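Dear colleague,

I am handing over the structure we spoke about, and my notes on it follow below. Please read them with the coordinates open beside you.

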Amino acid sequence: NFFIIFKIAFYLIFKRPDIIYFTCSRSKMGAIRDMMLLFLSRLLNIKIINHLHGNEIQDILHPEWLKKLVTTAYQGINTTIFVSQKQAYEFPISVPLMKKVVLPNCYDKVFDEISWTQKKLKINVGEVNILFISFLMESKGIFIALEVFERLAIEYPHLRFNVAGDFRTDYLSSSSDVKTKFFKKWEDLITKFPGRFIYHGVVVGEQKRDLFLKNDILLFPTFFKTESFGLVLIEAMRSGNIVVASDFNNISELVTEERGRLFPPKDINGAFLAIEHFINDINKMREVQKNNIIFSQTIYSQEKYENDISFIFENVLGKCQK
């Protein structure tokens, strides 16, 4: 950490950049590095753009003396980029002269080639595939998903279930405990419902895109305390999936009744009913799937994101030149 602080100071003093872009830290040690960056940039009259991704910035505002230091340092920020309107509204640090800009995340270019025609080729008539993809953490809702999947498997024999992701530690359980609990339940499911449950492990790039393409509904039952955007939500929509997600943090800004369904966090029955709403009306499900491709292509493309973020930089630099 001291070496990083030294590098920051050396670069700012001897290189004198016109603009600094940083993603604010969400730990106390990270906040100290940020304050070094911000105070020195302000002293040298360097413009600053902050990009806030997560929601845990509140964690660095305790104790009170640290909150005062952070608040003072943040006064030098010209623009902060948020991923949602709610995140911008709830930003806990008062910076009167800071401009707030909302810029949603984007899906990867690997999803660009997907069309409704391509999606239809992956759809098996008489079969519906449901996906859970995320870090396999308790607070991401993996065990809620498995309970919902089991209930659906009992009621609807034409459903197939897919899970992908890596095991991670959160504030509730260690990765090893999650892994043990997951495979114990998984063995029970594949025994009861042979051929209907598949665990894909970690998927990336084209493999990830192809898995999304083969599915119809994404289940995202997160209650992860710092959930901010949920990139898998727009990846699912771009690949022609309906999104069924917990109404938690900023997710309601992404998922509406036109895109899918929301249910209360940790509500297994609510998630079950939300999915059931679509599997009992296939025509409605296909209509929403098609519209999700068109909608996400327009709003969340990487090309649009790059144009928008370039405009933000140019705007700040323009003020600098004036």
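Predicted model: local features only at pLDDT ≥ 70, side-chain atom pairs only at ≥ 80, totals over all residues.

The buried positions in α2 are Gly 30, Ala 31, Asp 34, Met 35, Leu 37, Leu 38, Leu 40 and Ser 41. An α-helix has 3.6 residues a turn, so residues three or four places apart point the same way. The helix itself covers residues 28-43, 16 residues in total, and spans 22 Å from its first C-alpha to its last, which is close to the 22 Å expected at 1.5 Å a residue. It lies across β1 and β2, running at about 165° to β1, and it is followed by Asn 45, whose phi is positive, near 60°.

The sheet to which these strands belong is open and has four strands, in the order β1-β2-β3-β4, with parallel pairing. Its edge strands are β1 and β4 (99-102), each of which pairs on one side only, and neighbouring strands are turned by 20° against each other on average, direction ignored. Between β3 (residues 79-82) and β4, which run parallel, there are four bridges, and Phe 82 has Val 102 in β4 as its bridge partner.

Ile 309 sits in helix α12 (residues 302-321), and it counts as buried because its relative accessibility is 15%, the cut-off being under 20%. Leaving aside residues up to four places away in sequence, Ile 309 touches Tyr 21, His 51, Ile 81 and Leu 103. The C-alpha atoms of Ile 309 and Ile 81 are separated by 9.0 Å, although the two residues are 228 residues apart along the chain.

There is also an open sheet of six strands, in the order β7-β6-β5-β8-β9-β10, again with parallel pairing. Here the edge strands, each pairing on one side only, are β7 (197-199) and β10 (260-263). Strand β6 (residues 159-164) pairs with β7 in the parallel sense over three bridges, with Val 163 standing opposite Tyr 199 in β7. Helix α9 (residues 231-238) lies across β5 (128-133), β8 (217-220) and β9 (242-246), running at about 170° to β8, whereas helix α11 (residues 282-299) lies across β5, β8, β9 and β10 and runs at about 90° to β9.

Terms used: Residues numbered from 1 in each chain as written. Heavy atoms only, no water. Helix = DSSP H or I, 4+ residues; strand = E, 2+ residues; numbered from the N terminus. Expected span 1.5 Å × (residues − 1). Buried < 20%, exposed > 50% of the residue type's maximum accessible area, 1.4 Å probe, protein only. Pairing = 2+ DSSP bridges. Axes fitted to C-alpha atoms, helices over the stretch in contact; angles between N-to-C directions. Contact = heavy atoms within 4.5 Å.
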